[in-house]
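Morning, everyone. Please bring up the sequence and the model on your screens. I'll be brief.

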Amino acid sequence: MLGVEGLSISFGGLAALSALSFEVAEREIFALIGPNGAGKSTVFNVVTGLYRPSAGRVRFRGQDLLRLPPHRIARRGIARTFQNTEVFRQLSALDNVLIGRHAHLRGGLVRGALGLPSVWREEAGARAVARALLERVGLAEVAGVEAGSLPLGSQKRLEIARALAAEPRLLLLDEPAGGLNPTETQAVMELIRRLRDEGGLTVLVVEHDMELVMGISDRVLVLNYGRRIASGSPREIAADPAVIEAYLGSEEA
Amino acid sequence: MRTGLAVVIALLVAAAAPPALAQQGVTDSEIVLGGSNSFSGPLAFTGEQATRYGVDLYFKVVNDAGGINGRKIRTIYYDDGYKPQEAVANTKKLVEQDRVFAIIAPQGTPPVVATLGYLEEQKVPLLFPFQGSPVTRGRPWVFNGMLLYDRQAKMMIDYLVGQRKFKAVATLYQDDEYGKSFLTAFEKNLAPHGLKMVAAESVKRGVTDVSAQIAKLQAAKPEVLFLVLTPGPAAQALKERQRIGWTKVVAVSSGPLTDERYLALAGDAAEGVEGLSLWPDPVASDLAALKRYRAEMQKYFPKNEPNRYSLSGYFAAMLFTEGAKRAGRTLTRSALVTALEGVKGFDSGILPPLSIGADHETQKQGFWVRVEKGRFKQLTDWLKAE
Amino acid sequence: MRRAALVAGGAVLLAWPLLVPRYFVFLTSLIVVNAIVAIGLNLLSGYTNQLSFGHAGFFAVGAYVAAVLTVREPALPVVLTLALAGLATALVGLALGVPCLRLEGLYLAMATLAFGFVVVEAILNLDWLTRGNDGLAVPVARLGPLALASDAAKYYLVLAVGALMVAAAVNIARTRTGRALLAIRESEIAAQASGVHLAAYKTLAFAVSAFYTGVAGGLFAFVVGFISPDAFDVFLSVDFVAMIIVGGLGSIPGSILGAAVITLLYDWLAAFQNYRPLFFGLILIGCMLFMPGGIASRVPRRTPPAR
């Protein structure tokens with residue numbers, strides 16, 4: 001479904017990604033792991049069109065993504081969350097999710113300004129969808145609360161709800177468990193699993209939390225200094241000496 | 001909620017009810033005058049001097065001597081920063097809220113013109129606006145203050161062509177109402193002498209480099225060069241003339257430029273420039289009325305230097321006082337207009353004896369000056385426009 | 001209760017010319033005109049975080065288009081004149097918005113500031129059309145057989161147009177376009193990731209903001225009856241910015257309140273003559289220090305209706 005081939009990008013002479021290739025299959029939960037600075041978020045930023053790579057190709061459902069601006073990539077069915085959360089801080093949780101629905105609404109400037117009945121019908125529909133999504137991530141109670149004032153765990157879930165509002169085919173989650181306590185992490189794992197099992201989504205996840213990675217991933221790719229050092233099932237990865245050397249050994253021990 | 005609303009409405013209605021007055025702005029003990037003027041913006045100095053240190057100076061003297069027919073004069077000024085919309089708002093406020101009797105000494109053509117229609121419709125006298133465009137001529141409720149530009153232009157031509165016998169004149173003018181008023185009047189008044197303007201060049205507002213225009217004008221070989229500009233470009237023109245050594249032409253500044261601050265801008269390039277002065281030298285003149293003006297300034301505003309702007313306001317207040325005295329105890333707006341129209345041979349001691357009449361023009365004379373050693377030196381006695 | 005308050009407020013506004021002295025009718029018209037500008041500016045600065053110090057320029061374009069149209073075609077219905085003034089200004093807004101896409105913060109502020117100067121220069125140079133420095137007397141607005149000459153007639157025109165503009169702004173703010181603008185303000189990358197076309201919406205914000213300001217400029221020309229380039233200097237742009245800062249960035253009621261406060265303050269301070277700019281500045285600084293979120297932030301927000 002998502003094919004990355006020979007991706008290279010460097011910032012100020014430092015290679016962030018070097019000839020990286022991988023393929024994510026439909027309905028797969030695919031994890032990218034690696035030490036800080038390994039280039040995991042850079043992959044997300046290239047796939048969503050924020051960065052232009054110096055070499056390589058990104059294909060999504062058979063189409064080249066690299067020439068598209070970010071909003072077009074979003075409209076192709078790729079939604080994401082952010083490592084340090086990028087909720088719309090001064091807007092309510094509900095409005096955050098409604099903006100996620102942007103691409104599915106048609107009310108433009110003039111029709112909106114005139115307040116045509118069709119616009120209000122569409123709005124009501126969007127609100128219903130947004131509320132259902134908030135319910136799904138457990139934020140129904142705080143729909144009217146300013147997003148910036150929610151605790152970090154809630155902001156992470158709000159970002160997932162906003163991403164889901166776009167009805168994506170591929171969901172990119174950047175450290176969904178970052179800063180969460182073990183109970184919250186369990187809830188997020190459960191949510192991701194259900195999104196794939198019930199919603200048929202493909203999920204690409206960047207995560208440090210090994211419990212989450214090992215618990216839900218179908219396949220794992222390990223990056224270090226922008227290069228792939230290993231890939232395979234969680235079990236294979238856990239046993240790979242190069243991974244233990246480069247990552248698990250040095251950082252977690 | 002409903003009672004609250006009723007109270008609000010009652011209060012507003014009460015506020016709106018006009019007080020029972022014989023004539024707005026005049027009570028048994030007081031006459032209220034007002035004006036919108038520049039207290040900020042490009043003409044702030046002029047505005048403040050004309051009003052607070054000019055009009056008010058004279059009214060302080062009058063009030064301390066018992067007022068006009070037993071009434072003290074009170075003035076209200078609002079700042080318009082030379083913006084027409086502010087002038088409109090201020091003038092409406094003065095007429096409708098402060099209920100002034102008349103508008104006195106507002107400044108600048110755009111702000112004054114913006115209020116003309118409204119004041120006419122409300123039949124409020126507009127007294128002695130400090131602007132020279134002829135657009136204020138022939139209006140029943142307006143009495144002009146400054147010598148109007150076209151009249152100044154006629155006096156300049158009459159003197160230079162009639163008395164000094166110059167034949168070739170050229171003009172460098174500001175490309176707006178001010179500049180064009182002079183240019184048209186120059187051309188019109190040259191015609192009876194069988195002459196034509198040999199060259200005329202315009203300067204857009206805000207432009208300071210006038211070297212191209214000066215070069216073209218020099219090529220036309222005029223004997224006299226009129227400068228109808230604002231102080232900045234006029235000073236530039238004089239410096240350019242000095243730089244290229246074009247000394248034999250007589251440079252003549254329009255009336256609004258005969259001002260000490262303009263001389264400071266031009267420096268020694270202003271030496272020898274001639275012009276029509278509308279006021280006696282406020283600092284140096286030894287006329288008795290000017291000595292009195294300086295003494296009163298010293299008494300009431302010891303920190304403020306005498307200058308021609310405050311003198312113009314002082315004179316405006318003097319004229320109003322004369323009109324109001326003549327109108328008598330039953331002071332109404334139309335009585336004031338009639339009284340001012342009847343002013344004949346009024347000797348202020350500042351200007352030569354002055355008659356107003358039906359044309360509503362107060363200032364009709366000026367005298368010729370030349371800049372010598374950085375000051376205006378009087379060359380002629382008062383010149384007449386007619 | 002809310003509906004009752006709205007009806008009562010509407011009734012007072014309709015009866016206003018009968019209730020208050022004439023001068024306040026005029027002043028209220030100015031407040032509404034400024035409120036329309038403030039709403040337009042807020043859509044750009046408050047909603048989309050694009051700061052503009054050039055709105056006096058848009059205001060001037062609207063005023064001159066309306067005035068020149070009325071001079072040339074005195075019989076043109078005022079509604080059409082205002083719509084044309086708004087559309088012409090929106091086009092100018094588009095023309096400014098596209099090159100400004102690459103700019104933000106201080107650079108955008110400088111570019112818009114320069115735009116304001118350019119407009120004044122253009123008015124001066126098009127003097128065959130605008131009468132340049134001398135200013136332009138604006139003929140009375142007409143609506144079919146009606147001549148809108150009195151302060152009250154002008155007030156009703158301003159009020160009707162203002163009400164439409166406010167309603168449209170409220171609708172825009174509550175629907176997809178308004179949310180997209182807010183999203184851009186809050187986080188450009190998250191907005192893009194949600195499918196919001198950044199360049200299109202930023203430019204749209206410029207055009208809509210210019211449209212509002214242009215219509216307001218047209219109304220201004222009719223209310224005051226005389227316009228000159230002096231009216232549209234950089235200080236006017238700063239006043240507009242002050243309105244939305246005092247009222248509250250990103251708030252439509254705040255825009256209206258801010259416009260009212262600044263207009264009344266200006267009017268009231270006129271009596272202080274040359275101390276006016278000083279007092280005005282001090283009051284503004286005070287507002288920013290003690291009410292950093294503007295007046296709107298002091299009004300408790302209604303909790304959204306639970307469904």
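First, a term: pLDDT is the predictor's confidence in each residue, on a scale from 0 to 100. We need it because this is a predicted model.

Start with chain B. Its mean pLDDT is 88. Of its residues, 94% reach 70 or more. Residues 1-5 of chain B have pLDDT below 50. Beyond near neighbours in sequence, that stretch has one contact in the model. Residues 14-21 of chain B also stay under 50. There the model has four contacts beyond four places in sequence.

Next, how chain B is divided. Domain 1 covers 22-147 + 286-355. Domain 2 covers 149-277 + 367-384. Taken over C-alpha atoms, the centres of these two domains of chain B are 30 Å apart. And their contact? Domain 1 of chain B gives seven residues, and domain 2 of chain B gives eleven. On the domain 1 side, that is three nonpolar, three polar and one charged.

Now over to chains C and A. How many residues does each chain put into the contact? Chain C puts in 25, and chain A puts in 33. On chain C, four helices each supply at least two residues of the side touching chain A: α7 (151-174), α8 (176-186), α9 (188-193) and α10 (198-224). Which one has the largest share? That is α8(C), with seven residues. By class, this side of chain C has 13 nonpolar, nine polar and three charged residues.

That's my tour. Over to you.

Methods
Residues are numbered from 1 along each chain as its sequence is written. Chains are lettered from A and ligands numbered from 1 in the order in which they are written. This is a predicted model: local features need pLDDT of at least 70, side-chain atom pairs count only at pLDDT 80 or more; totals for chains, interfaces and linings use all residues. Two residues are in contact if their C-beta atoms, placed from the backbone, lie within 7 Å. Ala, Val, Leu, Ile, Met, Phe, Trp, Tyr, Cys and Pro count as nonpolar, Asp, Glu, Lys and Arg as charged, and the others, Gly among them, as polar. Domain bounds come from an automatic or database domain assignment.
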